[in-house]
Amino acid sequence: MTDTHRTGEVVADLLEAVHGVLEKHKVTEEEWMAALRFLTDVGRADEFILFSDVTRTSVLIDAMSHGDDDGATASDVEGPLYVEDPPWRDKPVRVYEDYEGMGDDADVLFIRGSVTSTDGTPLPEAVIDIWQTGPSGGYDIWDERQPEHNFRGRWKVEADDGAYEFQTMLPKPYTVPTDGPVGRYLDAVGQHPWRPAHIHFKVDAPAHAPLVTQVFFPDDPYLENDTIGAVKPALVRPVEPEGDHLVCPFGIVLRPAA
Ligand code: BEZ
Ligand code: FE
């Protein structure tokens, strides 16, 4: 089957579904024009990934794209807030600089584990790339108090046993951007904009399928109610006190490339 053939088949089914909805609800010319204006605004605001996320379409595509029965770490949605070419961090890895307004109740968090293949072989060549919000004020790109690339960074594991560790701060729940057309959509359908606290990971290793995932933390008020529906139980990792900081174990298992 050629790509053109597949596109033709998928588009035909899509149009049949859309036409069915328009007929079922007797959508008027005015309503259809408003819908087209909305989609135009989504494109102009570069919010199509965000729209896919909040409509839980990204979660559906993720679930259909990645198997979960071979012991590999569960994948998850990337979201729109990854920044290309994040800084390489030296070891011991710390992914943030202190900033004014990070909050008095900010908790230092060490995440540690090892990167292995599904057969248990350590992957010292793996590159881990993380991004997250700070404990206050959201992502660096929204929060002018934070230096550029704060709470972002990548590094190569290098340890023979695949072990890694990095220092960060426990993030807090936050809202997806609501100041554009997707914010208007959320209002219109009565959907809240909150996500539970999480840390995004991209992990790449030679001869393995790249992993994009997120780690969540217990007792978060939005675990059951993530606006993008991306929480998977296996990705909710325990957090324990250790001395003056917190520790979260997260073993990362990559699937060999097909
Ligand atoms: C995020 O977690 O960074 C995110 C995911 C979906 C929409 C907006 C933000
Ligand atoms: Fe995020």
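Colleague: What distance lies between an oxygen atom of ligand 1 and an N or O atom in the side chain of Y174?
Modeller: The distance is 2.8 Å; a polar contact is a pair of N or O atoms within 3.5 Å, so this pair is one. The model is predicted: local features need pLDDT of at least 70, side-chain atom pairs count only at pLDDT 80 or more, and totals for chains, interfaces and linings use all residues. Residues are numbered from 1 along each chain as its sequence is written, chains are lettered from A and ligands numbered from 1 in the order written, and side-chain values use heavy atoms, with hydrogens and water left out.

Colleague: Which distance is found for the side chain of H200 and an oxygen atom of ligand 1?
Modeller: An N or O atom of the H200 side chain is 2.9 Å from an oxygen atom of ligand 1, and for a polar side-chain atom of Y139 the distance is 3.1 Å. The protein covers 100% of the 260 Å² of accessible area (Shrake-Rupley method, 1.4 Å probe) that ligand 1 has on its own.

Colleague: Which residues surround ligand 1?
Modeller: Among them are L50, D53, Y139, Y174, H198 and H200, where near means a heavy atom within 4 Å. By class, the shell has 7 nonpolar, 3 polar and 2 charged residues.

Colleague: What makes the pair E78 and K202 a salt bridge?
Modeller: Their closest N and O atoms are 3.3 Å apart; the definition asks for a side-chain nitrogen of Lys or Arg within 4 Å of a carboxyl oxygen of Asp or Glu, so the pair qualifies. E78 lies in the loop between α4 (57-65) and β1 (93-94) and K202 in strand β8, so the pair ties together parts 124 residues apart in sequence.

Key. A polar contact is a pair of N or O atoms within 3.5 Å; within protein, one must be able to donate a hydrogen and the other to accept it, and residues adjacent in sequence count only if both atoms are side-chain atoms. Ala, Val, Leu, Ile, Met, Phe, Trp, Tyr, Cys and Pro count as nonpolar, Asp, Glu, Lys and Arg as charged, and the others, Gly among them, as polar. Helices (H or I, at least four residues) and strands (E, at least two) are DSSP runs, numbered from the N terminus.
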